[in-house]
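Reader: I am new to this structure. Could you take me through its side-chain contacts, one question at a time?

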Amino acid sequence: QVQLVESGGGLVQPGGSLRLSCAASGFTSDYYAIGWFRQAPGKEREGVACISGSDGSTYYADSVKGRFTVSGDNAKTEVYLQMNSLKPEDTAVYYCAAGASVVAGPVLWDNQYEYNDWGQGTQVTVSS
């Protein structure tokens, strides 16, 4: 059974940085995709970034390109989302999710319905 646990959220001033972690366990294969999503109050959940467990390919939403970086550790037990130059509009609950390896591609990576397992979420608030 796949389990995902996010951590690292908090309150940060505009322009600041945070690093979110997603502790992953229960994978039976190296072939998977880990996506980061966020949901702000009153808004739809949106894809932020994705990393392929098989080849390390990464994908980003246009709104975070150049500011956010997704990475994984060599043991493939933890995935990180480094968030720099944070803006108030980045305020949301951030979730990590796991899906089949085919999800880690330019067409499917940001489709929440392609992911099977989700963490509980961590709040990120960007405010002065």
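**Cysteines and rings**

Author: Start with two cysteines: C22 and C96 are both buried. The model is a predicted one.

Reader: What joins C22 to C96?

Author: A pair of cysteine sulfur atoms must lie within 2.5 Å to count. The sulfurs of C22 and C96 are 2.1 Å apart. The link is a disulfide.

Reader: Is that disulfide right-handed or left-handed?

Author: Look at the torsion about the S-S bond of C22 and C96. The torsion is about 70°, so the disulfide is right-handed.

Reader: How many residues apart in sequence are the parts that C22 and C96 tie together?

Author: C22 lies in strand β3, residues 18–25. C96 lies in strand β9. The pair therefore ties together parts whose separation in sequence is 74 residues.

Reader: Now the rings. Are the planes of F37 and Y115 stacked or edge-to-face?

Author: The structure holds four aromatic pairs. In the pair of F37 and Y115, the ring centres are 5.1 Å apart. Planes over 60 degrees apart count as edge-to-face. Here the planes stand at 80°, so the pair is edge-to-face.

Reader: Which strands hold F37 and Y115?

Author: Both residues are buried. The pair ties together parts that are 78 residues apart in sequence. F37 lies in residues 32–39 and Y115 in residues 115–118, so the strands are β4 and β10.

Reader: What is the angle between the planes of Y95 and W118?

Author: Y95 and W118 form an aromatic pair, 6.3 Å centre to centre. The pair is edge-to-face. The angle between the planes is 80°.

Reader: How far is the charged end of R45 from the centre of the Y95 ring?

Author: R45 lies over the face of W118, at 4.6 Å from the ring centre. The charged end of R45 also sits over the ring of Y95. There, the distance to the centre is 4.2 Å.

Methods. Residues are numbered from 1 along each chain as its sequence is written. Side-chain values use heavy atoms; hydrogens and water are left out. Rings of Phe, Tyr and Trp (its six-membered ring) pair if their centres lie within 6.5 Å; planes under 30 degrees apart count as stacked, over 60 as edge-to-face and the rest as tilted. Helices (H or I, at least four residues) and strands (E, at least two) are DSSP runs, numbered from the N terminus. Buried means under 20% relative accessible area, exposed over 50%, partly exposed in between (1.4 Å probe, protein chains only). A charge sits over a ring if NZ of Lys or CZ of Arg is within 6 Å of the ring centre and within 35 degrees of the ring normal.
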